[in-house]
Amino acid sequence: LKNLIRIREIAKEMKIALEKKDLEGFANLLNEETFNRAQLHKSTVPPRVQEIIKKGLNHGATAAKVCGSGNGGSILFYGDKKKVKKAFGNSVIDFKFDFEGLKYY
């Protein structure tokens with residue numbers, strides 16, 4: 001239960017970090033969320049996913065978070081996207097933060 005409560009708190013803290021444009025703090029929270037999620041059950045972050053996270057962290061990522069559901073989903077990596085893309089090839093979907101929101105011209 002304490003891990004679930006912490007995961008909920010981390011989500012709120014992530015929102016605040018993004019609003020402040022504190023991407024380093026956001027990255028730290030990604031890692032903390034992954035740690036707490038792994039504590040829920042061994043199937044939440046299984047060994048194969050741990051291997052992928054380790055590979056990402058060894059190849060340019062500074063943070064990782066498991067997203068989606070069991071037997072599917074994805075891993076969000078934060079860090080040097082060129083290095084991460086080099087390590088994982090075409091399986092990487094690029095994204096960027098937008099701090100300005102929707103604009104109408």
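Student: What makes up the secondary structure of the protein?

Tutor: It comes to 4 helices and 2 strands, where helices (H or I, at least four residues) and strands (E, at least two) are DSSP runs, numbered from the N terminus. Along the sequence the pattern reads α-α-α-β-β-α. Bear in mind that this is a predicted model, where local features need pLDDT of at least 70, side-chain atom pairs count only at pLDDT 80 or more, and totals for chains, interfaces and linings use all residues. Residues are numbered from 1 along each chain as its sequence is written, and side-chain values use heavy atoms, with hydrogens and water left out.

Student: Why is α1 called roughly antiparallel to α2?

Tutor: The axes of α1 (residues 2–19) and α2 (residues 23–40) cross at roughly 165 degrees and come within 9 Å. Angles here run from 0 to 180 degrees between N-to-C directions, with axes fitted to C-alpha atoms, for helices over the stretch in contact. Under 35 degrees counts as roughly parallel, over 145 as roughly antiparallel, 65 to 115 as roughly perpendicular and the rest as oblique. So α1 is roughly antiparallel to α2.

Student: Which residues of α1 make that contact?

Tutor: On the α1 side they are N3, L4, R6, I7, I10, E13, M14, A17 and L18, contact meaning heavy atoms within 4.5 Å. The α2 side includes F26, L29, L30 and N36.

Student: How do you know that N36 is buried?

Tutor: Buried means under 20% relative accessible area, exposed over 50%, and partly exposed in between (1.4 Å probe, protein chains only). N36 has 8% relative accessibility, so N36 counts as buried. This residue lies in helix α2 and touches N3, R6, I7 and I10, not counting residues up to four places away in sequence.

Student: What do the buried residues of α2 pack against?

Tutor: They pack against α1, α3 (47–58), β1 (61–67) and β2 (74–79). Among these buried residues are F26, L30 and N36.

Student: And L76, why is that one called partly exposed?

Tutor: L76 has a relative accessible area of 22%, so L76 is partly exposed. L76 lies in strand β2. Leaving aside neighbours within four places in sequence, L76 is in contact with L30, A63, A64, K65, C67 and F95.

Student: What share of the whole protein is buried?

Tutor: Buried residues make up 26% of the 105 residues.
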